Amino acid sequence: MKRTILALATLMATTAFVAAADSRPAVVYDMGGKFDKSFNEAAHSGAEKFKEETGTDYRDFEVENEQQRAQALRRFAEDGNNPIAAIGFSQQAAVEQVAKEFPNTKFVIIDSVVDLPNVRSVLFKEHEGSYLAGIMAAMASESGKVGFVGGMDIPLIRKFACGYKGGVKSVKPDAQVMENMTGSTPTAWNDPVKGGELAKSQIESGADVIFHAAGGTGIGVMQTAADAGKLAIGVDSNQNGVQPGSVLTSMIKRVDNAIFDAFTDAQSGEFETGTVALGVKEDGVGVAMDDNNKDLVSEEMMAAVDEAKAKIASGELEVHDYMADNTCTY
């Protein structure tokens with residue numbers, strides 16, 4: 001992954017940096033906290049892996065409001081931390097501002113693009129991974145009705161929902177896919193009560209598998225599904241163990257690898273900037289299998305997933321990207 005990440009997509013502005021002997025990385029998490037069991041926690045896992053493998057410590061900060069984004073990035077830059085990773089699209093404006101102020105500091109942003117010579121932007125093809133999750137949901141569903149609970153109502157989360165719907169419809173064209181978003185502000189990422197309420201409503205309407213892309217809010221979705229004897233699908237990190245035996249799979253985004261690669265590249269002097277996009281072909285997204293869900297997933301289900309993965313990787317199957325035109329064609 002470390003070598004392939006930079007060869008995957010067009011590098012908009014490639015710049016090599018000389019390694020600093022005293023590399024001191026830092027991470028600024030998005031709202032929801034680094035232990036959200038989802039997106040932020042994936043980044044934390046990558047930073048921890050870097051620490052374990054290199055013996056180099058890192059600093060981190062959990063933002064609680066919008067103003068803290070730029071403040072935290074600036075403080076780390078002033079203290080000499082390098083590189084600095086900003087987790088989440090909401091950090092875009094802050095990274096643009098602070099990266100200009102500190103042109104000799106390396107920055108990494110996840111899920112957004114900042115076109116500056118000292119920034120690496122890492123995107124993921126969430127629609128492709130969600131398509132695979134949709135295949136599994138459709139094959140596991142007995143009612144022909146499945147659900148999706150998103151966090152903040154933004155194009156990125158609509159991208160998850162659309163890919164999921166495409167996967168479901170590829171298996172069962174007549175299946176019903178229910179969709180709800182938790183809210184329109186960043187608090188939507190950390191509202192498990194609301195997540196549970198939305199999941200309960202979908203279950204009462206017949207959904208027996210619910211995929212969440214809602215950060216910490218998804219904990220409520222998975223709890224409610226488990227309590228009702230239904231299945232949930234986790235997101236970003238492997239959440240199969242959150243409710244063992246009730247989580248069909250998790251659509252994983254390898255944010256952990258993106259952070260690990262950025263930190264190790266900076267330490268070795270191989271840090272390059274520009275934009276990369278990681279999908280099924282690059283092992284940037286996928287579905288999680290482990291002991292917690294092995295009894296829920298049939299051989300036929302995995303065969304269907306593997307077939308779709310191969311077609312996506314080869315280009316034979318193109319999953320529609322909602323963010324390309326703000327529409328879902330499924």
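Start by selecting Asp-111, which sits in the loop between strand E4 (107–110) and strand E5 (119–124). Helices (H or I, at least four residues) and strands (E, at least two) are DSSP runs, numbered from the N terminus. You're looking at a predicted model, where local features need pLDDT of at least 70, side-chain atom pairs count only at pLDDT 80 or more, and totals for chains, interfaces and linings use all residues. Residues are numbered from 1 along each chain as its sequence is written, and side-chain values use heavy atoms, leaving out hydrogens and water.

Asp-111 has a positive phi of about 75 degrees, although it is not a glycine. Is it buried or exposed? Asp-111 counts as buried, because its relative accessibility is 12% (buried means under 20% relative accessible area, exposed over 50%, partly exposed in between, with a 1.4 Å probe and protein chains only).

Now jump to Asp-283, in the loop between strand E11 (274–278) and E12. Asp-283 also isn't a glycine, and has a positive phi of about 60 degrees. At 48% relative accessibility, Asp-283 counts as partly exposed.

**Stop two: a cis bond**

Select Asn-82 and Pro-83: a cis peptide bond joins them, with omega about 0 degrees. Pro-83 belongs to the loop between helix H2 (67–78) and strand E3 (84–87).

**Stop three: two packed helices**

Show helix H4 (residues 126–140) and helix H5 (residues 155–171). They pack at an angle of about 40 degrees, with axes 6 Å apart. That makes H4 oblique to H5, because angles under 35 degrees count as roughly parallel, over 145 as roughly antiparallel, 65 to 115 as roughly perpendicular and the rest as oblique. Axes here are lines fitted to C-alpha atoms, for helices over the stretch in contact, and angles run from 0 to 180 degrees between N-to-C directions.

**Stop four: the sheet and a neighbour**

Next, colour the open sheet: 6 strands in the order E7-E6-E8-E9-E10-E12, with mixed pairing (two strands pair if DSSP finds at least two bridges between them). At its edges are strand E7 (176–183) and strand E12 (285–287), each pairing on one side only. Inside it, strand E8 (residues 209–213) runs parallel to strand E9 (residues 231–236), joined by 3 bridges. Pick Ile-210 and you'll find its bridge partner in E9, Ala-232.

Finish on Gln-202 in helix H6 (residues 192–204). Gln-202 is buried, at 1% relative accessible area. Not counting residues up to four places away in sequence, Gln-202 touches several residues, including Phe-148, Met-178 and Ile-210 (contact means heavy atoms within 4.5 Å).
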